[in-house]
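Colleague: Before I use this model, I'd like to know what stands behind the labels you put on it. Can we go through them one at a time?

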Amino acid sequence: MPPSTNPPVPVHIPAPAPAPATVPAPATVPAPAPAPALTPASRSSNAPQLNTTRLNGVVSVVEELKVEMRKSREEAAKHEKVLYGSIKVLQARLSAAEGRLSDVIEYMGLEEEEGGIDETGSHEVRPENSANRAPRDSEDGAGSSADPARSIPTREEIRISEAVASRATIKAVINTAFMRLMGVAKLTGPELPPHPDGLCEDDAAWPKDGHSKEALLRFRWDQGETSKANASGLKRVLRWIQASGCASVPRARDDLESILECDLVDRVEVRWRYMRQEARKHQRATQIRSDDATAGAAARQRSSSPTEDGAGGDDGPGDGEGEGDGAETVEVVKDPTGTKRRILISRAKGKAAQRNRKRANTKYADTKWDGAFLLNAMSDDEDDHDAPYVDNKATRYISRAPGYRSFEVQELYDFIDALDDPHPDKDRAMVPRSRGASKPVAAPPKAMKLSLRIRAWQVNPAYLQDHPEWLYTGRVAMSGIAWGDLEDPKEDEKPSTKKGQEGRGQGKKIRRVGNTADVAEAQAQLDRVAGGANVETLFEL
C-alpha cells in the first residue's frame, strides 16, 4: 500500500501570559505577614486517624446495643414463658374452681343458670326449686310460661320470703295441712299414727277420711324424709298448702303469697322432722311399757329363780349412751322396771369389770374374745320388784339377754360367771342377779367407735341374716382374722356432716376435684420457668 499523502496538521502553541504588574504598597502601611500555607501532605496524614477513631466509636456503640438487645430478647422470652405459665396456672385453678362449684351446686340441689345480670347490674340469684315455682293463682304450673321472668325471684322477694318463713301464720298452715291429711287432732307423739305395714293406699284396709273417703296420709317414722314413702307424703302436704292453705287459714294468705316454694319446703321438712322425733319417742315409750308388762308377767310366774352371778345379756345399757365415748346419745328414759338409763350403765360397768377380772388365766383371756367383755355387750340389770328394797335400793336385779345373742357368747358368760372373783371384796359388793326374759326385738346398740362395737360372732347368724344393715350402721363390726375373716375390722370414716345438721343434701359428699393435680403441675412448671424469682417483681415498672 502506498504511503499516506495527507499533509501534517500544524500544532498551535500559545504564548505564555505576561506576568501581572506589581503594585507597590503605600509607604505608610506595613505589609501583613503572610499566612502559613497548609500543605497537602499534612491533610492526608490526619484524616484516616480521625475516621478510624469515629468508626471505632460507632462500632463500640453498636456492640453495646447488640448486647442490650440480646439481654432484652432473653428477658422478653423469659417474661413470655412466665406469662404463659401464669396463664396455665390460672386456667388450671379456674377449671378446679368450676368443678368444685359444680359439686357445690349438685350438693345444694341448685339448678345451674344460663347466667345473666339484671338491670341494676347485679347477678340474679335463683334459690333452689324457685325456677319451677308456679304462680299461686295457677294450677300445676299452668300459665307459668306466660311470664318466664317471674320464675326467677328478685333479691327483694328472697328477703321477704326468708322473713315470712318463720312467722306463726306459716307454722299454722303447715300444722293444719298435716292434721287434715293425717286425720288427727294433734301433732303430738301419741296422736301420730304409724305406717300400716304391708299395705298401700289402694288397699281397702288403708285408713281413709270419714267424710271424703280419701286415703289418709301416713309416714314411715323409722325412715328419713328422702325415702320414697315420706318424700311423696311431704309433696302431698306441699300441694295441699298451695291449693287450700289460703282458704283453710285466711290470715296466712299474704304470707303464702310472699313465701317462695323453696322456703316453704324447708319449713315443712323442719316440722316433719320434729314430728318424727316425737313419734319415735312415743314408740320407744310404748315398747318400754310392753316390755314392762312382759317382765312383770314373767316375774309373777317365777316363784323362785336360781341366783346368778351375772347371767348376761345385752340390749343397750352398755351402748355407751351418755358416756362420751362416741356412742349414740339418746334421751334419759326409764327401763321397763323404771330404772334410769344412767343407773343401768353404771351397773353394766360393774358387771363388765367383774367379768374382765374373772377371764384372767382362762382361754377367754385371748384378745379373740374381747368383744364379749365390752360395756356394750353387757345386759340390762333391771330392778327386781319382787325382792325387798333396802334404803330405796334394789337387793336383786333381773338380767335380760337380747334375742340376737349367739350361743358362743352365752356359753362364755355361763363359764365366766361360774368362776370365783379374784377380788372377794368387790364380789361381795355385787348385787345378785337372776336371769329374766329375753328381749327378742332388741337391736345391738350403736357405737361410733369401733372399740365400743360388738362383733359379728356375738350375734346369732339368723338375726344377722335378717338385719344385714347392722354391719354398716354402727351396730355390729366384722369378727376379724381370728374368726376366719380376711381382715380385721377398721374404724369407720368420719361422717360428712356434723351432728345435728339436717336438711337438703344431707348424706351427700362433695367429691374431690380430679384436676387439682393439674394446678400443682402448672405451678411447678411456672416456678421452674421463673427460676425461683418472685413473679411479681419480674413485671415491676
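Modeller: Accessible areas here come from the Shrake-Rupley method with a 1.4 Å probe. On that basis the protein exposes about 34,800 Å², with carbon and sulfur atoms supplying 54% of it. Keep in mind that this is a predicted model.

Colleague: Okay, and how many of the 541 residues count as buried, as a percentage?

Modeller: Buried residues make up 33% of the 541. The label needs under 20% relative accessible area.

Colleague: What makes a set of residues a nonpolar core?

Modeller: Its members are buried residues of the nonpolar kinds, joined through side-chain atoms within 4.5 Å. The largest such core here has 31 residues, and Ile174, Phe178, Met182, Phe219, Trp221, Val237 and Ile241 touch the most other members. Helices α3 (168–182), α4 (228–248) and α6 (261–301) each supply at least two of its residues. The largest share, seven residues, comes from α3. Apart from that core lies another of 24 residues, including Trp369, Tyr404, Leu412 and Tyr413.

Colleague: Which residues does tryptophan 221 contact, beyond its sequence neighbours?

Modeller: Leaving aside neighbours within four places in sequence, the list includes Met182, Leu192, Trp272, Met275 and Gln283.

Colleague: Why is the pair of tryptophan 221 and tryptophan 272 called stacked?

Modeller: A pair of aromatic rings is described by the distance of the centres and the angle of the planes. Rings pair if their centres lie within 6.5 Å, and planes under 30 degrees apart count as stacked. For tryptophan 221 and tryptophan 272 the centres are 5.9 Å apart and the planes are at 25°, so the pair is stacked. Tryptophan 221 is in the loop between α3 and α4 and tryptophan 272 in helix α6, 51 residues apart, which links distant parts of the chain. Both tryptophans are buried.

Colleague: How many aromatic pairs does the structure hold, and which residues do ring pairs link into a cluster?

Modeller: The structure holds 10 aromatic pairs. Ring pairs link Tyr364, Trp369, Phe415, Trp457 and Trp483 into a cluster.

Colleague: What about arginine 355: how do you know that it lies over the face of tyrosine 413?

Modeller: The distance part of the test asks for CZ of Arg within 6 Å of the ring centre, and the direction has to be within 35 degrees of the ring normal. Arginine 355 is at 3.9 Å from the ring centre of tyrosine 413 and lies over its face. Likewise, the charged end of arginine 359 sits over the ring of phenylalanine 373, 4.1 Å from its centre.

Definitions and conventions: Residues numbered from 1 in each chain as written. Predicted model: local features only at pLDDT ≥ 70, side-chain atom pairs only at ≥ 80, totals over all residues. Heavy atoms only, no water. Buried < 20%, exposed > 50% of the residue type's maximum accessible area, 1.4 Å probe, protein only. Helix = DSSP H or I, 4+ residues; strand = E, 2+ residues; numbered from the N terminus. Contact = heavy atoms within 4.5 Å. Phe/Tyr/Trp six-rings, centres within 6.5 Å; stacked < 30°, edge-to-face > 60°.
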